[in-house]
Amino acid sequence: MYEFLRDLDRRVIFSLMALAVAVPILLQITPPEKATPIVRDAFETIEALEEGDRVYMAFDFDPASAGELQPMATAFVRHACEKKLKIYFTALWPVGPQFIKNAERDVISRDFPDMVYGEDYVDLGFKTGNEGVIKLVANDLRTQYPQDARGTPIDDIPMMEGVASIRDFDVIMNVSAGYPGTKEWVQYAVASAPDDVKLVAGCTGVQAPLLYPYYPQQMSGLLAAIKGAAEYESLVLGKYGRENEPGMYQEGLRRMAPQLSGHILMVGLIFVGNLVYFMARKRGEA
Amino acid sequence: MTHATRRGNATFGVLLVLIGVAIAILNAVAFHPGAGTQWTKRTEHVHTLEDGSEVRWTEHEAVSVKEGREMAALEQDAAPLFSRTAGLWGAAILTLCIFSFLLGDNPLYKAAEAIVVGASAAYWMVIGFWETIVPNLFAGLFPDWTRANFMPKLSAEASVDFLLLIPLALSVLLLLRLAPKIGWISRWPTAFIIGVFCGLRFISSLEADFLSQIGPTIKPLIVMGENGFDLESSFSNIVLVLGTMACLVYFFFSVEHKGAVGKVARSGIWMLMITFGAAFGYTVMGRIALLAGRFEFLFDDWLWLIDPKDAHPAQAFLQTIAPMLT
Amino acid sequence: MMKRTIPMLLAMAAGIVMILAYFFPPLTPLQDKTTVWFNILAAVAFILGGGNLLKVHLKKVSDRREGWAYSMITLAAFVGVLAIGLFKIGVNPLDEFPAQRMAGDFRAEGSGFWYVYEYVFAPLTATIFSMLAFYVASAAFRAFRAKNLEAILLLGTAFVILLGRTAAGVFLTDFLPEEGILANFRLENLTVWIMNNPVTAGNRAIMIGIALGTASVSLKILLGVDRSYLGGGD
């Protein structure tokens, strides 16, 4: 047994991981979720807004992290639509606009067809410059975005009237996969106007521990990894859920089942790995 | 690893892809007829130009197979689209090619990797050009030309911003990095970029990551609640405040970590180990979510083994492909 | 002078404008102008990256170095996507301007560039990153050893987080009461406490250290003390 474990081919471990993730997906198990305070604070920050308030929605991620972040993005957009907020979409990552278009197609056009482009939501698109974009938006948004993503001059868009900088927004809702992302929004947008700007964010698991020091003073709430997405989805569904909810709004919740089996596998592997190590030490091999 | 082992591993990798595709084809024919088909709703656009000629195109909007069939039954213009179906199968095969690396490096993985490297670089170039260079540089320097060719909605009153000649010049200098003999001139725009970066970072890091972190760290170590001494909050604050200080003491490498300083630094290391353990836990969570996403793509969009979005009907294979062939 | 002094002065001028505008608000328009130029140069840097890739792989093919066939694939993918994107292949015009094909949205659903994103770029990049789940499992089995107190703390915390962030955590400590002191030892609550306190403490200290280091390096560069970014020799 010891030799078998000591010389275990890593492809066996790969197969175990594949089974641990695939089987719960095939069985379509959806465990229930209870929101933690940091996610609840993000939800309540949006809930506290009134109809017509402005939210700056920054999609700063790419397909490599969409597995974790797409559910958050969908939940954020749905929540903003349910609250009848004015949504200003932007992206700091080059492929962010693709996710903006997906949100438009899958959430707004499908479930909120009364929303009018230019009056209820606008797509300002992607700009290069990373934190340079945030810096400019913090002072002068109209210089950074002379047109929207469809080429319409900003002065011709009704909902851009009276919008000069980030201070004119009630909340920044950011979905972030890394750099540039939530950290930069805190450093350049929130820091420039801490009393005027609120930020709620969703981030990957890798980033999450690094962002905790910003909560709650500089960030009103944080959705950390797929668990945060699942918790937020459960809150949105709890408040605004309808019969025959589209499966798209429960993507995060569905992904918690493979998380459970994957995590148990990881704990088991670490435990068995250490068992092998101590057995080797006892035999004088380590 | 011997050459024979490498060849064996490569064979396993190629076999994974071939077996995967074979199973998918069998599934699409026998078990879930039409699996992997992509339907679209079509809208015809016809416009007559000033010279009398006609411009026409078809707009395709993705719909689920179920929606598409319902629309087709109501004689609305929805049908399977071969190019998107081929695209989906191509994406699934490329996914298997990447996964084949787990069994061993092989030509299919290398080919897929080469494709993503080339496609990504070009993708970013195209986006940089259309999203920033055209609207922010060309539109400012050549507004009439830009309006006539790329941005017809640009205001007719837009004037030339001659100051943009500076970033235009710096851009040309930056591209000269590719020229071997005069590549040194790219130091000018590089220095400009670094200067701006340093200026931005200097203030932001001090403001957001230093000064703003001090306030939340100054917390009472003895917290009195409504019912007297609040043990939970006090303990939490002690851990937070003293933990932060212990970690900062550990980072003081200019003082030798001996005696009292050494003991405090050691407790700082323990705090950092807890931090890294949490980081590991969250990293695992993130990676598994990404894998779950890919498996959902394969099982839902490609193989129709699951249907969380209620998009797939059960139907005969020939009924699906017949419209594509006509 | 051309190769070192002028770039150094450029860096100083740009950086000082960015810093002074915080303290002298009338300089804000100049700061904004500088930022606009920075953002344009960032887009040109993408083009430089593409050009560099072209140069490296063309060299590999012409020298017939090992793996040159894959470089051909890279170049083909690069040129193909570039052509599709720059010439807006498959892009429909806007309804308001049907005569101007190049005015259409290059990312619109159904365009050539959309196909590249949907069926090549997105699945490939997503799959490459998803492979990490397998390697993290293999690394956990082979490398994570509880050799000393520090490693035990790291692994113990990892166990609490891994279990506490899923339904397993709720199940394992369901026997503990939901309120009172003992409720803090329920895995899901323990996870929240660990993240809010020791993890925040550790990350805060790291953040402060990085902030001071960043400020120090930025100042050294802007004052001309650190000139490593100018390159060596000439």
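I start with chain A, where 6 strands form an open sheet in the order β3-β2-β1-β4-β5-β6, with parallel pairing. On terms: two strands pair if DSSP finds at least two bridges between them. Helices (H or I, at least four residues) and strands (E, at least two) are DSSP runs, numbered from the N terminus. This is a predicted model: local features need pLDDT of at least 70, and side-chain atom pairs count only at pLDDT 80 or more, while totals for chains, interfaces and linings use all residues. Residues are numbered from 1 along each chain as its sequence is written, and chains are lettered from A and ligands numbered from 1 in the order in which they are written.

Back to the sheet of chain A. Its edge strands are β3 and β6 (221-224) of chain A, each pairing on one side only. On average, neighbouring strands are turned by 15° against each other, direction ignored. For angles in general, axes are lines fitted to C-alpha atoms, for helices over the stretch in contact, and angles run from 0 to 180 degrees between N-to-C directions.

Now the individual pairs. β1(A), residues 54-60, runs parallel to β2(A) and is joined to it by 5 bridges; here V55(A) has I87(A) in β2(A) as its bridge partner. Two helices pack on this sheet. α4(A) touches β1, β2, β4 (171-176), β5 (199-203) and β6 of chain A, and the direction of α4(A) makes about 160° with that of β4(A). Helix α10 of chain A, residues 225-240, touches β5 and β6 of chain A, at about 115° to the direction of β6(A). Contact here means that the C-beta atoms of two residues, placed from the backbone, lie within 7 Å.

A91(A) has F126(A) in β3(A) as its bridge partner. β2(A), α5(A) and β3(A) make a right-handed β-α-β unit; right-handed means that, with the strands pointing away from the viewer, the path from the first strand over the helix to the second runs clockwise.

Is strand β3(A), residues 121-126, mostly covered or mostly open? Mostly covered: 6 of its 6 residues are buried. A residue is buried if 20 or more other C-beta atoms lie within 10 Å of its own, exposed if 12 or fewer, and partly exposed in between, with C-beta atoms placed from the backbone. E82(A), which sits in helix α4 of chain A, is partly exposed because 15 other C-beta atoms lie within 10 Å.

Next, chain B. Here 3 strands form an open antiparallel sheet in the order β2-β1-β3. The edge strands are β2 (54-63) and β3 (78-80) of chain B. Neighbouring strands are turned by 40° against each other on average, direction ignored.

β1(B) and β2(B) are antiparallel and joined by 10 bridges, with T48(B) opposite E54(B) in β2(B). The two strands form a hairpin with 5 residues between them, and G52(B) in the turn has a positive phi of about 95°. β1(B), residues 39-48, also pairs with β3(B), antiparallel, over 3 bridges. In that pairing T40(B) stands opposite A79(B), and K41(B) opposite A78(B). Helix α2 of chain B, residues 65-73, packs on the sheet and touches β1, β2 and β3 of chain B; its direction makes about 130° with that of β3(B).

Now the interfaces with chain C. From chain A, 48 residues are in contact with 44 residues of chain C. Several helices of chain A each supply at least two residues, among them α2 (10-27), α5 (96-111) and α12 (256-282). The largest share, 14 residues, comes from α12(A). By class, this side of chain A has 26 nonpolar, 14 polar and 8 charged residues. The classes are as follows: Ala, Val, Leu, Ile, Met, Phe, Trp, Tyr, Cys and Pro count as nonpolar, Asp, Glu, Lys and Arg as charged, and the others, Gly among them, as polar.

How many residues does chain B bring to its contact with chain C? 109 residues of chain B are in contact with 117 residues of chain C. The largest share of the side of chain B, 23 residues, comes from α4(B). That side divides into 72 nonpolar, 27 polar and 10 charged residues.
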